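Colleague: Could you walk me through the ligand site in this one? I'd like to hear what each label rests on.

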Amino acid sequence: MKIGIFYATYSGGTQMASEFLAEKLKSLGHEVTLKQISEISFDETLTYDLRVFTSPSWDNESEEGQPHIDFISFIQKSAGKNFSGKPCAVFGLGDSTYAHFCGAVDIVTDYIKKNGGKIIINPLKIDGYLFNTEANNKLLSDWASKLKV
Ligand SMILES: Cc1cc2nc3c(=O)[nH]c(=O)nc-3n(C[C@H](O)[C@H](O)[C@H](O)COP(=O)(O)O)c2cc1C
């Protein structure tokens with residue numbers, strides 16, 4: 001299937017994880033497009049069979065567990081738009097020493113559900129990606145194998 005992976009990153013981890021996921025999905029026979037969320041419009045996300053959204057969790061205006069600022073902009077710009085039942089998946093990088101571990105995953109997932117998207121798999125929260133890349137890539141790989149619409 002045609003899969004779009006839309007990501008944002010501050011320190012490179014989410015980009016690395018997204019690139020790994022893209023390669024894994026290609027090896028499973030999918031056609032994969034990887035783009036930064038800042039480079040894509042809401043309507044363009046609708047052109048894929050499956051949309052995967054991924055954001056690190058970060059501070060925003062002193063509030064922990066928030067999505068990347070580009071995700072916040074995307075959500076604001078997309079006000080009033082609806083996914084119309086289209087399949088979506090969410091994963092995110094975080095650090096479990098923070099009070100709101102992977103809060104961005106919950107926020108992005110809620111945003112999708114409230115705006116008519118269908119979450120097709122349990123969102124994946126990855127702890128300390130860059131500190132244990134091999135084990136975390138295994139989690140991503142297993143998650144990728146379950147992506148079906
Ligand atoms: C300033 C700052 C705030 C962070 N806030 C959170 C947080 O609230 N929740 C969480 O799970 N991780 C938090 N993290 C951890 C990052 O989400 C984690 O390091 C992630 O891998 C970064 O992804 P990136 O390399 O794609 O930017 C924070 C990290 C920094 C540096």
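**Pocket and ligand**

Modeller: The largest pocket has a volume of about 430 Å³, a volume being the space filled by probe spheres set on grid points joined across faces, edges and corners. Closest to its centre, among 22 lining residues, are Ser11, Ser57, Trp58, Gly94 and Asp95. This is a predicted model, where local features need pLDDT of at least 70 and side-chain atom pairs 80 or more, while totals for chains, interfaces and linings use all residues. Numbering runs from 1 along each chain as its sequence is written, and side-chain values use heavy atoms, without hydrogens and water.

Colleague: What makes it a pocket?

Modeller: On a 1 Å grid over the protein atoms alone, a pocket is an open set with protein on both sides within 12 Å along at least five of seven lines; lining residues have an atom within 4 Å of a point. The ligand takes the space of the largest pocket, as more than half of a molecule's atoms must lie within 2 Å of the grid points to sit there.

Colleague: How is the pocket lining split by class?

Modeller: There are 10 nonpolar, nine polar and three charged residues. Ala, Val, Leu, Ile, Met, Phe, Trp, Tyr, Cys and Pro count as nonpolar, Asp, Glu, Lys and Arg as charged, and the others, Gly among them, as polar. The shell around the ligand has seven nonpolar, nine polar and three charged.

Note on methods. On a 1 Å grid over the protein atoms alone, a cavity is a set of points where a 1.4 Å probe fits but cannot get out, and a pocket is an open set with protein on both sides within 12 Å along at least five of seven lines; lining residues have an atom within 4 Å of a point.
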